[in-house]
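Please read the sequence and the 3D structure below side by side. A short briefing follows them.

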Amino acid sequence: MSRPLLHFAHGNSYPAGTYTRLLAQLREHYDVRTLDMHGHDPRHPVADGWGALVDELVEHLEGYGRPAILVGHSLGGMLCMMAAKRRPDLARCVVMLDSPVVAGWRALGWRLAKLAGWGERLSPARFARKRRELWPSREAAYAHFSAKPIFQAWAPGALDDYLEHGLAPHPQGVTLRFRREVESAIYQTLPHHMDAVIREPFPVPVGFIAGTRSEEMRQAGMGSTRKLVGENLVMIEGGHLYPLEKPEETARLAHAMVERLLAAPSRP
């Protein structure tokens, strides 16, 4: 008997291969598929509200020929949720990994900030735009990243996965595959229309796994996320990047959430 189909969507700036250890755990239960890097296909450019990125994901899901379980981290969780809202026939359920829903007064404030041209100033885009992207060698890149506390918290081997899938050869050494201008653009165009998405009952079951120390969750608040997922919310010790900090525990919780969602009564 074939395993259930599961599509995993990555977070901003981290190609899907960065999550190799998490995906390996999920493959014990599922036929896992991914899209390598969102935002780099010129047919689906980054634009306000991420509509073209949702188009890209929907196009990818259509190619499977059957609905998939959708699991996504951060950006990926939002794209999975938005794709399922638009095309519920392509999704069996959605599990969002620390992908906070920004709605209400926060969404209004963010919309006004974008209109005023403050999107880069008030988001991580200001850091992404200046991110170092070139090193003389892979070893130099490893030394650069391994010295940072955020990467020191990752599970053993996860940084190697990031470098394996996140670097490309360059005449001067190696460079980031996920272009920093794309990363910055994604941050600046964070959707502000989530109130319309969560206003009505969601067409497929949706669950959420939140990091206890996630700065992103603190900034966005939990109210709108709880409105979307109801009781299907669990916590995991860790920050926003907990899928890379604790891949085995993340996979266990995600699998349990999928089973819970698929066992829920069908919506009318």
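This briefing goes from the whole chain to its strands, helices, loops and cavity.

The model is predicted: local features need pLDDT of at least 70, side-chain atom pairs count only at pLDDT 80 or more, and totals for chains, interfaces and linings use all residues. Residues are numbered from 1 along each chain as its sequence is written, and side-chain values use heavy atoms, with hydrogens and water left out.

**Whole chain**

- The chain holds 14 helices and nine strands. Helices (H or I, at least four residues) and strands (E, at least two) are DSSP runs, numbered from the N terminus.
- Of the 268 residues, 52% are buried. Buried means under 20% relative accessible area, exposed over 50%, and partly exposed in between, with a 1.4 Å probe and protein chains only.
- Among contacts with a separation of 6 or more, 75% link residues 24 or more positions apart. Contact means heavy atoms within 4.5 Å.

**Strand 3 and its partners**

- Strand 3 (68-73) has six of its six residues buried, so the rest of the structure largely encloses this strand.
- In a regular strand the side chains alternate between the two faces of the sheet.
- Both faces of strand 3 are covered. A68, L70 and G72 are buried on one side, and I69, V71 and H73 on the other.
- Strand 3 pairs with strand 1 in the parallel sense over four bridges. Two strands pair if DSSP finds at least two bridges between them.
- Strand 4 (residues 91-97) also runs parallel to strand 3, and six bridges join them.
- V71 in strand 3 stands opposite F8. The bridge partner of V71 in strand 4 is V95.

**Strands 6 and 7**

- Strand 6 (residues 167-170) and strand 7 (residues 173-176) run antiparallel and are joined by four bridges.
- A hairpin of two residues links strand 6 to strand 7.
- P169 stands opposite V174 in strand 7.

**Helix 2**

- Helix 2 (residues 51-62) has 12 residues, which at 1.5 Å a residue should span 16 Å; its end C-alpha atoms are 16 Å apart, in agreement. The expected span is 1.5 Å times one less than the number of residues.
- The buried residues of helix 2 are A52, L53, V54, E56, L57, V58 and L61.
- An α-helix has 3.6 residues a turn, so residues three or four places apart point the same way.
- Those buried residues of helix 2 pack against strand 1 (5-9), strand 3, helix 3 (75-86) and helix 9 (180-188).

**Two loop residues with positive phi**

- Most residues other than glycine have a negative phi.
- W50 has a phi near 65°, a positive value in a residue other than glycine. The loop that holds W50 runs between strand 2 (31-34) and helix 2. W50 counts as buried because its relative accessibility is 4%.
- S74 is not a glycine either, yet its phi is positive, at about 55°. S74 sits in the loop between strand 3 and helix 3. At 17% relative accessibility, S74 counts as buried.

- G77 lies in helix 3. G77 is buried, at 0% relative accessibility.
- Leaving aside neighbours within four places in sequence, G77 is in contact with G72, M96 and S99. The C-alpha atoms of G77 and V94 are separated by 7.9 Å, and these residues are 17 apart along the chain.
- H255 is found in helix 14 (residues 247-263). With a relative accessible area of 16%, H255 is buried.
- Leaving aside neighbours within four places in sequence, H255 is in contact with H29 and Y30.

**The cavity**

- Rolling a probe the size of a water molecule over the atoms shows where empty space is left.
- A cavity is a set of points, on a 1 Å grid over the protein atoms alone, where a 1.4 Å probe fits but cannot get out; lining residues have an atom within 4 Å of a point. Grid points are joined across faces, edges and corners, and a volume is the space filled by probe spheres set on the points.
- The count is one cavity of 30 Å³ or more. The largest cavity has a volume of about 40 Å³.
- Its lining is T18, Y19, T20, R21, L22, A158, D161, P243, L244 and P247.
- Helix 1 (20-26), helix 8 (158-166) and helix 13 (242-245) each supply at least two residues of this lining. Helix 1 gives the most, with three residues.
- By class, the lining has six nonpolar, two polar and two charged residues. Ala, Val, Leu, Ile, Met, Phe, Trp, Tyr, Cys and Pro count as nonpolar, Asp, Glu, Lys and Arg as charged, and the others, Gly among them, as polar.

Key. On a 1 Å grid over the protein atoms alone, a cavity is a set of points where a 1.4 Å probe fits but cannot get out, and a pocket is an open set with protein on both sides within 12 Å along at least five of seven lines; lining residues have an atom within 4 Å of a point.
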